[in-house]
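The sequence and structure come next.

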Amino acid sequence: MKKQGLYITIIACLLGLSSCSDYLDVAPSDKQTSEQLFASKAGFYAAANGIYDGLSSDALYGKQMTWEAIEIMCQSYSTMKSSTLYKNYAANNYTEIYTAQALSNIWGEAYKLILASNLLIDQIDRQSGLLTNQERDCLKGEMLATRAFLHLDMLRLFGPSPFNGIDQKAIPYNESSNVAALDLLTIKEVGEKIIRDLDEAEKLLSADPIIENGPMMSEPEDGGSVQLRYRQYRFNYYAVIALKARAYLWVNDKENAKAQALRLITDEKVQNMFPAVDPNALLANSSNPDRVFSSEVLLGIYDKDRNNVYTNYFSGSAPSAQMLQPYSAYIVGQYGLFSNMLLGIENSDYRFQSQWEAATGTGATGHNFTKYKEIDRPDATDENSEYYYAKMIPLVRMQEMYYIALEGSSDTNEKVDWYNKARMRRGLPDLNVLNMTPYFTMYWDYGYGNVFLSNEYRREFWGEGQWFYFAKRVDIVGNGIAVGYYSDNGASQALAQYNPQPPLPSGEMK
């Protein structure tokens, strides 16, 4: 297919995906040629919005890459009554026909959006005067960050574990709008390209209005354009810095990972802009609690169908074949998610109080996950009235920066200090006040530090997919990549090896 023909096909497809939400609303009247599309400023933003809507598709972060497939692959849920697809995910049977097709769809959608980002970057470079300098730089920065972000997640999902070295062959990196088979690069080579793109994105996004005005998660009072607003739903300046920390950590450069994380943690302006969740907006609010802790989210997607997630997959009334529920004792059992090996049950944790509820329904046991449960509208009489976080699925949040600072620290006392600070942000007591710091330091030196951190990742990122990557990257128990989980009868905890590397799908590479 000629490049121009592919260009029109990709852009038209992306525009067809567009939900034209209030937040990202620049809609085409119909499918357009590239010349028509990029004859106006609105066309550039329509193409960008199509890419953002693609990120929220079921094949990517609206489902499989956050709360569904990637969580099932690391045994987050009991699958005794689940569909064959879910059972195969949980058993890491990646070559089974339906599982292989679903994983291939993830890969294909990601690389389609990467190509679309490259095509849009080309058009941004070619345009003359349609976009202001700020609009040009921000939009190009966002697209470079999109490209880097998607490559990083394809590397983390389909590439080998960096635990075994970063010179292993991994995935291709597409930085062109030309259609061609690409060479497989090593983890190190892909990481270098990701960080290069993020460095360039950061420079371009120095014009990002978030730096002066914050996320601006509301309509402009004058009724003007929203394209430089709703910055938590865009690859903004601060999200790019956080992604650099994540990328450096994946290639085992912990020093630079920590340096990037500290740029956000130690910046008072950033802390004020993305404050820790307010328990009054969470625990004291039964009508529309902010269960995703949106004030801390550096980057998320807008999922117009998020209300269906809890109802169809996590509630007690969900069909059994697709219901996703942890093993009966996994949340607050003796060895459960909210049981600390030194402190016992920790049900004062904001995450437990706001994101889990006792299971309901005939024969129900354990807990149901409520992070994405529907919340009330601020104005029940206005169907367009909603808090922006009612449709948010987080992709990058401030809490991760504390965990990265922890891993980047070489001194055990400093690691425990970061661990304590992160936990206090979640309503847990100060370990210093409890006189428990020496015990945690001792156990950390015994080799249990990664177990403590693993549990934090589980609590924090349930339904967001990040624990899969942690378990793939970190030696949790000292003898290779292993996962602690409950057996299907819910009676006991065991360690089981799992396969964190699905085979590479066939597309995009030589």
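## Cavities

A cavity is a set of grid points where a 1.4 Å probe fits but cannot get out. Its volume is the space filled by probe spheres set on those points. The model examined here is predicted.

A search of the whole structure returns five cavities of 30 Å³ or more. The largest cavity holds about 100 Å³ of space.

## Lining of the largest cavity

Three helices each give at least two residues to this lining: H10 (237-250), H15 (398-408) and H18 (466-473). H18 provides the largest share, with four residues.

The lining consists of Arg156, Arg246, Leu249, Trp250, Glu400, Ile404, Tyr457, Gln466, Tyr469, Phe470 and Arg473. Sorted by class, six are nonpolar, one is polar and four are charged.

## Arg246

Arg246 is one of the residues that line the largest cavity. Arg246 belongs to helix H10. Is Arg246 buried or exposed? Its relative accessibility is 4%, so Arg246 counts as buried; the cut-off for buried is under 20%.

Which residues does Arg246 touch, leaving aside neighbours within four places in sequence? The contacts are Phe149, Leu152, Arg156, Leu395, Val396, Glu400, Ile404 and Gln466. Among the residues of the cavity lining are Arg156, Glu400, Ile404 and Gln466.

## Lining of the second largest cavity

Asn307, Glu374, Ile375, Asp376, Arg377, Glu386, Tyr387, Ala390 and Lys391 line the second largest cavity. By class, this lining has five charged, three nonpolar and one polar residue.

Strand S1 covers residues 297-302. Six of its six residues are buried, so S1 is largely enclosed by the rest of the structure.

S1 is joined to strand S6 (residues 392-397) by five bridges. The two strands run antiparallel. Val297 has Arg397 in S6 as its bridge partner. In a regular strand, side chains alternate between the two faces of the sheet.

## Cysteines

How many disulfides does the structure hold? The count is zero. A disulfide would need a pair of cysteine sulfur atoms within 2.5 Å.

Note on methods
Residues are numbered from 1 along each chain as its sequence is written. This is a predicted model: local features need pLDDT of at least 70, side-chain atom pairs count only at pLDDT 80 or more; totals for chains, interfaces and linings use all residues. Side-chain values use heavy atoms; hydrogens and water are left out. On a 1 Å grid over the protein atoms alone, a cavity is a set of points where a 1.4 Å probe fits but cannot get out, and a pocket is an open set with protein on both sides within 12 Å along at least five of seven lines; lining residues have an atom within 4 Å of a point. Ala, Val, Leu, Ile, Met, Phe, Trp, Tyr, Cys and Pro count as nonpolar, Asp, Glu, Lys and Arg as charged, and the others, Gly among them, as polar. Buried means under 20% relative accessible area, exposed over 50%, partly exposed in between (1.4 Å probe, protein chains only). Two strands pair if DSSP finds at least two bridges between them. Contact means heavy atoms within 4.5 Å.
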